[in-house]
Amino acid sequence: KGFAIGSAALVSLALIGAFITRCSNSMAKSQKLDEQGVDLMSAIVFSFLIFGANIPYWFSALTMKSVGLAANEMVREVGRQWAEIPGLRDTASMSFEERAAKRAAGQTLAKPDYARCIEISTNASLREMIAPAALVILSPILTGSFWGVEAVVGLLAGALSSSVQLAISMSNTGGAWDNSKKFCEKGGLNGWFMFRTGDGTDMSEEDFKKAAAQYNGDSCLVVPGSKPATASKPQGQSQAGGPMMMVPGWTPASMPPHSASTMPMMAPGQAFGYPSYSVQVPQSGRPKGYVSSQMVMGGRFGTEEEMCEVVVAGADFGNAVEAPSFKDWISKLATTDPERYRKIMEGDEGVKTVDGRTCVYAGKKSAVHASCVVGDTVGDPFKDTSGPALNIVM
């Protein structure tokens with residue numbers, strides 16, 4: 001997009017120069033624009049410079065409005081088909097495998113009216129572009145017919161400079177909104193938003209953000225009800241900056257049932273020189289519980305004196321089962337406790353992080369995610385419709 005904008009700007013500049021040269025050929029020598037230049041202090045030139053600078057904004061407003069009208073018409077058509085085509089809702093909710101199985105059994109599945117949706121898009125793309133196209137084509141013609149060549153030069157210079165700035169801004173803004181939505185859907189915003197006043201703590205927002213820089217993402221969230229244990233960093237070793245995992249080849253069943261045991265842990269990059277860590281299991285008969293990878297994923301150890309907390313769930317080492325991640329837990333909560341699920345998603349109930357903070361959940365389907373979707377809904381016409389169309393305006 002950047003290449004397209006840059007090339008359009010250079011071509012436009014060349015066309016303006018060609019226009020001035022061509023017009024100068026039919027002018028008296030004392031009036032030739034390619035020799036005398038264009039006076040920016042002229043009232044006509046300056047007025048149309050301002051008017052030309054506004055044309056790209058007018059054009060963009062028309063195209064974005066057209067996108068909204070066409071989208072609304074499409075939504076209404078989809079609603080009509082939901083209501084009038086029998087069995088369409090059931091077909092749409094099936095997985096690919098379920099549809100294939102029903103077709104293999106000879107069953108006929110309800111199909112949407114694709115042709116009508118395509119017709120709406122095609123007609124809207126032609127009908128809604130009449131006004132923006134007329135604006136771009138007629139404005140220099142009418143300006144030249146009534147106010148002369150210098151007015152057209154001012155119009156073109158203003159439109160070109162404004163179009164370049166607006167096209168770059170729209171492309172980058174739309175892309176940033178789109179990326180923010182995807183980043184939110186991956187859980188990247190989790191841990192960054194303080195829950196109300198910090199849930200009774202004295203932590204300032206600045207301190208909260210500093211802690212969030214170290215512990216963030218899906219992996220920083222604690223499954224409610226988990227019991228913490230401590231894992232210390234061995235002395236005399238450097239900082240490891242990655243998630244933890246069990247050492248390959250270690251099996252829980254191989255642990256002695258009546259002795260203090262150490263579960264070896266290591267970062268994925270240990271083969272490249274990262275140190276290993278261990279979690280001490282108390283000597284109290286056969287050890288109960290295991291260390292969940294959920295709490296350790298994405299965690300980072302700080303200085304040698306610092307500690308990190310990991311979750312120990314109540315399971316037998318001889319029959320260990322991986323603990324659910326927060327993402328799995330929240331997905332199941334949607335069916336087991338819909339009211340609590342709603343509160344967490346809307347930010348009415350905070351969630352704990354591995355370092356003891358209380359934050360607002362910012363994953364997919366949350367209120368934070370909804371705001372990112374709104375931004376992306378605005379950003380898509382910027383980067384996919386109005387922004388690229390400004391190249392034609394130039």
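Leaving aside its neighbours within four places in sequence, which residues is V360 in contact with? The partners are N190, F193, M194, F195, G347 and V368, where contact means heavy atoms within 4.5 Å.

This is a predicted model, in which local features need pLDDT of at least 70, side-chain atom pairs count only at pLDDT 80 or more, and totals for chains, interfaces and linings use all residues. Residues are numbered from 1 along each chain as its sequence is written, and side-chain values use heavy atoms, with hydrogens and water left out.

Let us stay with V360 for a moment. This residue sits in the loop between β8 (358–359) and α13 (367–393); helices (H or I, at least four residues) and strands (E, at least two) are DSSP runs, numbered from the N terminus. V360 is buried, at a relative accessible area of 15%, because buried means under 20% (exposed is over 50%, partly exposed in between; 1.4 Å probe, protein chains only). From V360 to F193 the C-alpha distance is 5.5 Å, although 167 residues separate them in sequence.

Here is the wider picture.

| Property of the protein | Value |
|---|---|
| Helices and strands | 13 helices and eight strands |
| Buried residues | 35% of the 394 residues |
| Contacts joining residues at least 24 apart | 72% of those between residues at least 6 apart in sequence |

Finally, the lining of the largest pocket divides into twelve nonpolar, two polar and no charged residues. Here Ala, Val, Leu, Ile, Met, Phe, Trp, Tyr, Cys and Pro count as nonpolar, Asp, Glu, Lys and Arg as charged, and the others, Gly among them, as polar.
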